[in-house]
Amino acid sequence: MQPRSISKHPHHHFGTRLADRGGRAFTAVAGAAVTQASTAIPSIALYTSLLHHVLGEDGFLTTAQQMDVLWSQLEGEQPFLLDDAGRIRLDGWELDATVQSQVRTQWDQIATENVTDHADTGWFRRQVGQLYGWNVPGIDYDLPSQTAVPWPQPTA
C-alpha cells in the first residue's frame, strides 16, 4: 500500500479552502493514551503499560497534557512540530529512540509470571477504571447513594 501524497491527504481539501481565507488545516498525531479502544486492541494495553513503566508519571503525557501542547502550538506559544507530511506530531516523547529501546527491552523480558515487574499494569487498570468513574481520587464510594431518582417532569 502506497502512502498518500499530501495532495490526497484529507486535510488538504480543507487546507486549500482555509488558505483562501488566511487559515490552515492540520492533522495531529498524538501519543499513546489510555482509552476505551486501547483496552480492546490486542497488545495496546501491554504496550501502554510498558511505556508508562519506562517513562513514569513525569515522562508519560496524558491526553490532556498532549492537548495542552497542541493548543500551545496552535496559539503560537510553541513552534509547530511537523513531520514530512505536514502533520503535527505530539508523540515525540513516546517515539524517542531511547524510550523505544527501553520499551523493547522490557517487552522482550515479559512472561506471564513477571509481567508486573516490567509493565505498569496496576496503573493501566486504575486509568481504565477512572474512565468509567471507578477509583477516582476524592470520591468516597462507601457513602450511600441515591439509586432511585424520579424522572424530571416538563414544566409548562
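**Helices α3 and α6 are oblique to each other.** Oblique is the class left over when angles under 35 degrees count as roughly parallel, over 145 as roughly antiparallel and 65 to 115 as roughly perpendicular. Helix α3 covers residues 44-59 and helix α6 covers residues 97-109; helices (H or I, at least four residues) are DSSP runs numbered from the N terminus. The two pack at an angle of about 120 degrees, with their axes 9 Å apart. Axes are lines fitted to C-alpha atoms over the stretch in contact, and angles run from 0 to 180 degrees between N-to-C directions. The crossing of α3 past α6 is right-handed, which means that the near helix is turned clockwise from the far one by less than a right angle. The model is predicted, so local features need pLDDT of at least 70 and side-chain atom pairs count only at pLDDT 80 or more, while totals for chains, interfaces and linings use all residues. Residues are numbered from 1 along each chain as its sequence is written, and side-chain values use heavy atoms, with hydrogens and water left out.

**Helix α3 also packs with α8.** Here the angle is about 110 degrees and the axes are 8 Å apart. Helix α3 is therefore roughly perpendicular to α8. In this pair, too, α3 passes α8 in a right-handed crossing.

**A salt bridge joins R104 and D108 within helix α6.** A salt bridge is a side-chain nitrogen of Lys or Arg within 4 Å of a carboxyl oxygen of Asp or Glu, and by this rule the count comes to four. The closest N and O atoms of R104 and D108 are 3.5 Å apart. These two residues are four apart in the chain, about one turn of the helix. D108 is exposed, with a relative accessible area of 56%; exposed means over 50%, buried under 20% and partly exposed in between (1.4 Å probe, protein chains only).

**Shared partners in salt bridges join D83, R87, R89 and D91 into one network.** The side chains of R87 and D83 meet at 2.7 Å, N to O. R87 is partly exposed at 27% relative accessible area, whereas D83 counts as buried at 18%. D91 pairs with R89, their closest N and O atoms being 2.6 Å apart. D91 is buried, at 7% relative accessibility, while R89 is partly exposed, at 22%. The C-alpha atom of R89 is 8.8 Å from that of L70, a residue 19 positions away along the chain. L70 belongs to helix α4 (residues 63-74) and is buried, with a relative accessible area of 16%.

**L131, Y132 and W134 make a nonpolar surface patch.** W134 lies in the segment after α8 (121-131) and is exposed, with a relative accessible area of 51%.

**S43 and N135 have positive phi values, although neither is glycine.** Phi of S43 is near 75 degrees. S43 lies in the loop between α2 (36-40) and α3 and is partly exposed, at 45% relative accessibility. Phi of N135 is near 55 degrees. N135 is placed in the segment after α8 and counts as exposed, at 52%.

How values were computed. Patches are made of residues with over 30% relative accessible area and no salt bridge: like charges are joined within 9 Å, nonpolar side chains (Val, Leu, Ile, Met, Phe, Trp, Tyr) within 5 Å. Accessible areas come from the Shrake-Rupley method with a 1.4 Å probe; for residues, only the protein chains shown count as cover.
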